[in-house]
Structures are given as C-alpha cells and as structure tokens.
Amino acid sequence: MIIPILKLGAPELRKVSESIQNFNGELEDIVKNMMETMYGASGVGLAAPQIGINVRLATIDPSIGEDKEKIIVICNPEIISSEGKQSGEEGCLSIPNFSENVERPMKLVVKGQDLRGEEITFEAEGILARCFCHEIDHLNGVLFIDHLSALKRGLIRNKIKKLAKAGEW
Ligand code: NI
C-alpha cells in the first residue's frame, strides 16, 4: 500500500525514532508499504518516520527498483566508521522539489539488523554512503536542510511557507 509521505512541517519528521526490539511480522508489513511508497515516489531511500512511524527502520535502493540485489532493508542502523568526504546534490521525498549540495563522508561502514534481528554490516561508498547518512539522519529527526547554511535553509523555508499559504505544500 502506498502511504502519503509526510512533508517538512510534520512533527514525526523531527522526532528521534525508537529502536526496534521486536522482530515480528508487523515489521514486514511496514517494509512492504515503505517499498511501495518509495518506488511510487521514485525515491532511492525512505525512512519509517516519513510515513509517520517513528521506529528505526529504513529502506534503500539506489537502482530504484531496477536491480533486486541492490535493495537494503535495515533496522537500527548505526554508522560505525567513516572516511573521506563527498559533496553532491541531495533531495528528500519529504521536501519535494528542493535539492542542494550536502557534504557527506565518501565511505562508511554501517551496522544494523535485518527483519529477523540478525546483525548485518554494509561497506558503502559514494551514492550508497550518502543514502545511508540521509536515512539515518531521518531516524534522528534530522533533514538534509539542517546541513545547509542558515541563509540557504531560510530561503527554502520561506519558499515552503509561501507554498503552504497557497495550499500547495
Ligand atoms: Ni529524506
């Protein structure tokens, strides 16, 4: 089922999400909805809080549905090491039609759990490293605009305020 994606302004996007302790069938239903919602919006990643569920769960697919082997579903993800830097354009399904350059580490090691609670580890580089950073930020209530200068962030907020006034946000 495709769930409406929450946009900037929704309080769920600003909460620190809770760790997953119970690895039961309910998680699979949430993930199914997240995947459908992510692909429905042509996104490369989605975090559970974006569909209003404040748990530490993210789906990532840099191939946007082209390659099943690229699909990552991770619970309780944590960055355990990072190196280097990359700068590149980043957007967010919760802040549609805005994108800006954001600096992120070039390489990461991420640890987490799969849907059965088994530990999983990923070595990510480039775009995948960027996706992990972005989705883990969501689980901490952080959005990509928080990494921008106050000036740039202010400009985006003003544009969104205008859109909201016009009923377009
Ligand atoms: Ni996002």
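Which residue lies over the face of Trp 169? That's Lys 7, at 5.2 Å from the ring centre; a charge sits over a ring if NZ of Lys or CZ of Arg is within 6 Å of the ring centre and within 35 degrees of the ring normal.

A quick word on ground rules: this is a predicted model, where local features need pLDDT of at least 70, side-chain atom pairs count only at pLDDT 80 or more, and totals for chains, interfaces and linings use all residues. Residues are numbered from 1 along each chain as its sequence is written, and side-chain values use heavy atoms, with hydrogens and water left out.

Trp 169 also has a ring partner, Phe 98. Rings of Phe, Tyr and Trp (its six-membered ring) pair if their centres lie within 6.5 Å, with planes under 30 degrees apart stacked, over 60 edge-to-face and the rest tilted. The count comes to two aromatic pairs:

| Pair | Centres apart | Planes | Type |
|---|---|---|---|
| Phe 98 and Trp 169 | 6.3 Å | 70° | edge-to-face |
| Phe 122 and Phe 132 | 5.6 Å | 40° | tilted |

Phe 98 sits in the loop between S4 and strand S5 (99–104) and Trp 169 in the segment after helix H3 (150–165), so their pair ties together parts that are 71 residues apart in sequence. Phe 132, in helix H2, is buried at 1% relative accessible area (buried is under 20%, exposed over 50%, partly exposed in between, with a 1.4 Å probe and protein chains only). Its partner Phe 122, in strand S7 (residues 119–125), is partly exposed at 21%.

Terms used. Helices (H or I, at least four residues) and strands (E, at least two) are DSSP runs, numbered from the N terminus.
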